[in-house]
Every structure is written in C-alpha cells, then in structure tokens.
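Colleague: I have a model to go through with you. Can we take it one point at a time, starting with the strands?

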Amino acid sequence: MRNNSLKNQLGLLSIAILFLAMGATLAGVSERQNTEKKAVGGTGGDLRPTPTTAPGPALSLLRFKVSFEGIDHKINDQHATLSIRQGETVHVTEADISFDNSGVGTGVAEVWLFPSDRYYVSVKGPQHLWGEFCADNQTWVCGKDDLGIFLPSETVFDWSKIRLLPGDLPDMDNQQDGFIDCGDLYRLKRQMGRTGNNLIGDLDYNGVVNGGDLSLFLKVMRNHY
Ligand SMILES: [Ca+2]
Ligand SMILES: [Ca+2]
C-alpha cells in the first residue's frame, strides 16, 4: 500500500511538473507573439515611416491690387471676375474692387486653394480684357518659364503695375467675349452722349460717354492689336 501511495504521489508530481513545463512553453510563445505584434503593429519600437498626406484645399482670402488703363483717380467700386488656374483645374470667382485716389483698386476674393500649389490668376474688369498674373509685383507678361505663385491669405498681391485694358464691352446679355473688336466699337458708339452711372461705354468712369472714351478705346486697339 505504501509503495502504491508513493507511486501515485510520484505520478501526480510528474504530471504537475509536465503542466508547469507546458505553461512555461506557452507563455514563451505568447511573449514572442506579443513582441512580434509590437514590431509590426507600431505600439512601441515601430520602425516604419509614418505616412504623410498632402494638406487639402482650404478656403483662402485672395487679396489683390489692380489698375485700369486710363484711370488715375478714384472711381466707384467695380466688379471683377477672377480665374485661378493650377494645371487643368480652374476656379472662377468674383470680387468687388474699391479704388483709392490714385486709381489703384483693391479686392478680396474667397476661393478654395491648396496652400502648397502654385497658381496663375487672371483678372477681368467689367469692360476689360483678362490680365494674367503669375508673380507678386509683376511687371512682365507671364511666359512659359513662370511657375506660378503661391497664394497665402496674409499677402496682398500687387498686380497694379500691369493695367487691365478697357474695350471688351458687355453685350445685351451682359456677356464679354474676351476680345476687343468692331462689336465693342458698335456698342460704344451707340452709347455716345449718354450720361449716368455704370454705362458700359464709359471707359474712363467720368459719368458720360463721349470722345474721351472713344479715344481710350482706339488707343488700346492701336497699342495692343
Ligand atoms: Ca468684346
Ligand atoms: Ca467717359
């Protein structure tokens, strides 16, 4: 009996040791798995580069100065259209322009822009051809070597050194075709002698359509066509 009891005790002890050994083995496997997960999953010791994403578009305030050919004095506020291009993407927006005593107009347009992108900006006055801008304080016509301009909201871009050219008069549907031609001259002549505000033929904004406007129109045609 005593021998059997001793055998049973030894047997139980062996089983206990076996379970302890298995437990230690399983714990070792589990620890390795956790370590591998940490190495792959990034919770401590992650060596993979952190992915980065380009900043998305943000609603920006585009502040700018422009001037009109033939205007060197304060005139009433005018409306301008802006076309802001980056590659194949074009944003079109509008802005009111207020003029100082020297005829320099200041406008602000709201537009969604990518802060990291360069843009070309075209501005069109109410009776004017498009003027294209690709740099601050620009004095030249944009060419293929110009990369465009970053447009941070805190900058006021001075584009007044290149004057917007008058002569593209709106038609009966209030549309401008982007050219100065005999159709514009016809509309100007039909308005000769009229007085008042916001006359499409009043290119110098003095409240009357007369020879001064016709002279300005012909000067633009002569110098730029
Ligand atoms: Ca026209
Ligand atoms: Ca006039």
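**Strand pairing**

Colleague: How many bridges join E2 to E3?

Modeller: Strands E2 and E3 run antiparallel. Strands (E, at least two residues) and helices (H or I, at least four) are DSSP runs, numbered from the N terminus, and two strands pair if DSSP finds at least two bridges between them. Within this pair, His79 stands opposite Asp96 in E3. The number of bridges joining E2 to E3 is nine.

Colleague: What should I know about the model itself?

Modeller: Residues are numbered from 1 along each chain as its sequence is written, while chains are lettered from A and ligands numbered from 1 in the order written. This is a predicted model: local features need pLDDT of at least 70, side-chain atom pairs count only at pLDDT 80 or more, and totals for chains, interfaces and linings use all residues.

Colleague: Which pattern do the elements follow along the sequence?

Modeller: The chain holds three helices and seven strands. Read along the sequence, their pattern is α-β-β-β-β-β-β-β-α-α.

Colleague: Which residue takes a positive phi in the hairpin of E2 and E3?

Modeller: This hairpin has two residues between the strands. The positive phi is near 65°, and the residue is Gly87.

Colleague: What is the bridge partner of Leu82 in E5?

Modeller: E2 also pairs with E5, in the antiparallel sense, over five bridges. There, the partner of Leu82 is Val123.

Colleague: Which strand pairs with E1 in the parallel sense?

Modeller: E1 is joined to E4 by ten bridges, but those two run antiparallel. In that pairing, Ser67 stands opposite Val104. The parallel pairing has three bridges, and Lys65 has Asp158 as its bridge partner there. The parallel partner of E1 is E7.

**Core and burial**

Colleague: What share of the chain counts as buried?

Modeller: Count C-beta atoms, placed from the backbone: 20 or more others within 10 Å is buried, 12 or fewer is exposed, and in between is partly exposed. The chain has 225 residues. The buried share is 24%.

Colleague: Which residues touch the most other members of the largest nonpolar core?

Modeller: A nonpolar core is a set of buried Ala, Val, Leu, Ile, Met, Phe, Trp, Tyr and Cys residues joined through C-beta atoms within 7 Å. The largest has 31 residues, and those touching the most other members are Val66, Leu82, Val121, Val123 and Leu164.

Colleague: Is Phe133 buried or exposed?

Modeller: Phe133 is found in strand E6. Leaving out residues up to four places away in sequence, Phe133 touches Val121, Val123, Gln138 and Trp159; contact means C-beta atoms, placed from the backbone, within 7 Å. Because 22 other C-beta atoms lie within 10 Å, Phe133 is buried.

**Helix and loops**

Colleague: Which helix do the buried residues of H3 pack against?

Modeller: H3 has 14 residues and reaches 20 Å from first C-alpha to last, close to the 20 Å expected, where the expected span is 1.5 Å times one less than the number of residues. Its buried residues are Asp213, Leu216, Phe217 and Val220. They cover an arc (of directions from the helix axis to the C-beta atoms) of only 100°, which puts them on the same side of H3. They pack against helix H2.

Colleague: Which exposed residues sit on the face of H3 turned away from its buried side?

Modeller: An α-helix has 3.6 residues a turn, so residues three or four places apart point the same way. On the face of H3 away from the buried side, the exposed residues are Gly211, Ser215, Arg222 and Asn223.

Colleague: Is Tyr205 buried or exposed?

Modeller: Most residues other than glycine have a negative phi. Tyr205 has a positive phi of about 55° and lies in the loop between H2 and H3. With 22 other C-beta atoms within 10 Å, Tyr205 is buried.

Colleague: And Asn137, buried or exposed?

Modeller: Asn137 also has a positive phi of about 55°. Asn137 is found in the loop between E6 and E7. Because 10 other C-beta atoms lie within 10 Å, Asn137 is exposed.

Key
Two residues are in contact if their C-beta atoms, placed from the backbone, lie within 7 Å.
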